[in-house]
Amino acid sequence: MARKKVLTPKEFSEVATGVRLSSHEKLCAERMKLLHESINELKKEVKSLRTDMSKGKGAVSAFILIGSCIAGLIGYFKFNG
């Protein structure tokens with residue numbers, strides 16, 4: 001029967017460090033994936049908000065145009081009528 005190799009303290013620390021780094025890298029990879037998904041979701045929401053704001057600006061400018069036309073007609077008929 002073969003005997004198990006006894007690790008020196010230096011060898012043991014290198015193996016333990018490798019295991020810790022491996023688990024740390026897995027944890028960091030999961031976090032990066034989560035951050036990437038969150039950023040993509042935020043980009044979609046910002047894009048949606050921008051289109052909503054553009055529609056709102058168009059509606060406000062249309063109301064201003066209609067209001068100024070009505071005010072112009074009222075002023076015209078009031079002073080010339």
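## Cysteines

In this predicted model, C69 has a relative accessibility of 44% and is therefore classed as partly exposed. C28 falls into the partly exposed class because its relative accessibility is 28%. The number of disulfides in the structure is zero, the criterion being a pair of cysteine sulfur atoms within 2.5 Å.

## Fold and overall exposure

The protein chain contains one helix and zero strands. This helix, α1, spans residues 9-80.

Of the 81 residues in the protein chain, 0% are buried. The chain presents an accessible surface of about 8,000 Å², and carbon and sulfur atoms account for 68% of that area.

## Nonpolar surface patch

A nonpolar patch on the surface is made up of M32, L35 and I39. Together, these residues contribute about 310 Å² of accessible area.

L35, one of the patch members, lies in helix α1.

## Aromatic pair

The structure has one aromatic pair, formed by Y76 and F77. The ring centres of Y76 and F77 are 5.4 Å apart, and their planes make an angle of 70°. Because an angle over 60 degrees counts as edge-to-face, the pair of Y76 and F77 is given that label.

F77 has a relative accessibility of 56%. This value places F77 in the exposed class, because the cut-off for that class is over 50%.

Note on methods:
Residues are numbered from 1 along each chain as its sequence is written. This is a predicted model: local features need pLDDT of at least 70, side-chain atom pairs count only at pLDDT 80 or more; totals for chains, interfaces and linings use all residues. Side-chain values use heavy atoms; hydrogens and water are left out. Rings of Phe, Tyr and Trp (its six-membered ring) pair if their centres lie within 6.5 Å; planes under 30 degrees apart count as stacked, over 60 as edge-to-face and the rest as tilted. Buried means under 20% relative accessible area, exposed over 50%, partly exposed in between (1.4 Å probe, protein chains only). Patches are made of residues with over 30% relative accessible area and no salt bridge: like charges are joined within 9 Å, nonpolar side chains (Val, Leu, Ile, Met, Phe, Trp, Tyr) within 5 Å. Accessible areas come from the Shrake-Rupley method with a 1.4 Å probe; for residues, only the protein chains shown count as cover. A salt bridge is a side-chain nitrogen of Lys or Arg within 4 Å of a carboxyl oxygen of Asp or Glu. Helices (H or I, at least four residues) and strands (E, at least two) are DSSP runs, numbered from the N terminus.
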